[in-house]
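Student: Hi, could you walk me through this one? I have a few quick questions.

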Amino acid sequence: MPTHGPRLSCTMEVRRPDGRQAGAWWRGSRFCDIHSIMRAVVIDEYGGPDEVSVQDLPDPRPGPGEVVVRVAAAALNRLDIWTLSGSLGFPLEFPHILGADAAGEIDVLGEGVKALRRGAKVMVNPGLSCGECELCRAGEQSECPNFKLLGEHVPGTFAEKIKVPVQNVWPFPSHLPWAEAASLGITFTTAYRMLYSQGRLRPGEWALITGIGGGLALSLLQLARPVAGRIFVTSSSPDKLARAGELGADEGIDYTAEDVGKAVRRITGKRGVDAVFDSAGGPSLEANLRCLRPGGRVVIAGVTGGPQAEIDLRRIFWSQLSVIGATMGSHRDVSDMLRAVAGGRLRPMIDRTFPFERASEAFSYLESGERFGKVVLEFGSGG
Ligand SMILES: [Zn+2]
């Protein structure tokens with residue numbers, strides 16, 4: 001039997017697939033009084049896809065204002081790879097459940113939850129905010145000084161059941177199957193905030209989206225298409241550029257064949273674009289600034305290429321450029337994003353799905369970078 005701490009009232013024994021007892025979960029009090037077991041995708045230490053395993057863990061119990069969601073599908077994000085590798089630098093309690101995105105059915109309502117019924121189909125917004133600071137009260141939850149993400153700072157969504165605050169679950173447009181609904185949380189919310197709340201994209205403006213093929217860039221393309229006048233995309237893959245063209249991109253630039261700044265100026269008759277939406281970060285910032293018309297802006301929501309940039313500040317002030325950051329979104333952003341998805345009948349691009357038992361393989365596939373769209377784990381227990 002596991003070693004019981006003084007606060008532990010549970011008597012059930014949990015064994016992992018390798019036969020070892022899941023003792024770490026019993027030493028604290030957060031999963032006490034447990035009656036049933038679920039399976040979850042976890043890590044016991046930082047590393048690569050080989051560290052990812054499926055373990056039996058106690059069912060989560062909702063606290064006041066929380067709900068338990070029976071997960072049907074959960075999308076992978078690059079964020080999960082950084083969590084897995086330990087590069088985010090947050091201390092995690094092991095075993096740690098990975099995952100930020102999910103969709104499923106409401107299974108248990110915590111005390112005081114009145115707005116949802118059991119069985120309601122919801123997607124999860126992974127952003128957790130304090131709800132009390134001046135920025136939360138102003139409706140800017142993703143600017144909260146205590147902003148956290150499911151799976152990054154706290155147990156995540158790659159589990160048969162998860163518990164989340166009720167304000168983090170949203171009914172989603174009915175035309176979406178589970179895998180697509182599960183892909184809205186990180187990428188579509190972030191893309192909406194980049195384009196509209198932070199980037200203030202206006203009808204007819206010309207936009208450049210870097211690195212087409214990943215989930216965020218495709219979300220940007222889909223959400224910008226109804227509004228932007230002309231959309232430029234970049235990639236190192238002619239195949240991805242061609243597929244982006246089928247989704248509505250007007251111009252594709254192979255950044256391995258031509259300097260992006262020069263290409264944009266050539267195609268636009270030296271005008272440049274109104275806004276660049278980027279998640280590559282440091283190495284591409286200088287080129288992104290050269291793509292802009294005077295008064296244009298670059299909106300950055302990631303540093304997949306690296307965090308450091310060296311830029312000529314004369315370009316910023318002389319051309320009156322703006323460099324703008326964006327992270328996740330507010331409750332209003334999630335609501336407006338869902339409305340845009342419903343109104344445009346948008347469907348997140350799914351590259352491939354895996355049964356959650358093969359999560360390690362899904363992580364290896366995500367790392368390969370060959371995908372076009374989201375990689376999604378299917379749990380098969382919801383709906
Ligand atoms: Zn706050």
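Student: How many salt bridges are there across the interface of domain 1 and domain 2?

Tutor: Zero by the rule used for the interface of domain 1 and domain 2. Bear in mind that this is a predicted model.

Student: And how many residue pairs are in polar contact between domain 1 and domain 2?

Tutor: Two residue pairs, counted with both residues at pLDDT 80 or more.

Student: OK, where do the domains run?

Tutor: The domain assignment puts domain 1 at 36-185 + 348-378 and domain 2 at 200-325. Ten residues from domain 1 and nine residues from domain 2 make up the contact. Taken over C-alpha atoms, the centres of domain 1 and domain 2 are 29 Å apart.

Student: What area is buried between domain 1 and domain 2?

Tutor: About 820 Å², with carbon and sulfur atoms giving 68% of that area. On the domain 1 side, Met-349, Arg-371 and Phe-372 lose the most area to domain 2, together 62% of what that side buries.

Student: Switching topic: which residues coordinate the zinc ion?

Tutor: Four cysteines do it through SG: Cys-130, Cys-133, Cys-136 and Cys-144, at 2.3 to 2.4 Å. Along the chain, the donors have the spacing C-x2-C-x2-C-x7-C.

Student: Why is the arrangement around the zinc ion tetrahedral?

Tutor: Because the angles subtended by the four donor atoms are 105 to 116 degrees, and the tetrahedral label needs all angles between 85 and 135 degrees.

Student: Is Cys-136 buried or exposed?

Tutor: Cys-136 is buried, because its relative accessible area is 7%, and buried means under 20%. Cys-130 has a relative accessible area of 33%, so Cys-130 is partly exposed.

Methods. Residues numbered from 1 in each chain as written. Predicted model: local features only at pLDDT ≥ 70, side-chain atom pairs only at ≥ 80, totals over all residues. Heavy atoms only, no water. Donors = N, O, S within 2.8 Å, 3.2 Å for Na, K, Ca; no water. Tetrahedral: all angles 85-135°; square planar, octahedral: opposite > 155°, others 65-115°. Buried < 20%, exposed > 50% of the residue type's maximum accessible area, 1.4 Å probe, protein only. Domains from an automatic or database assignment. Contact = heavy atoms within 4.5 Å. Buried area = accessible area lost by both parts, 1.4 Å probe. Salt bridge = Lys/Arg side-chain N within 4 Å of Asp/Glu carboxyl O. Polar contact = N/O pair within 3.5 Å; in protein donor to acceptor, adjacent residues only side chain to side chain.
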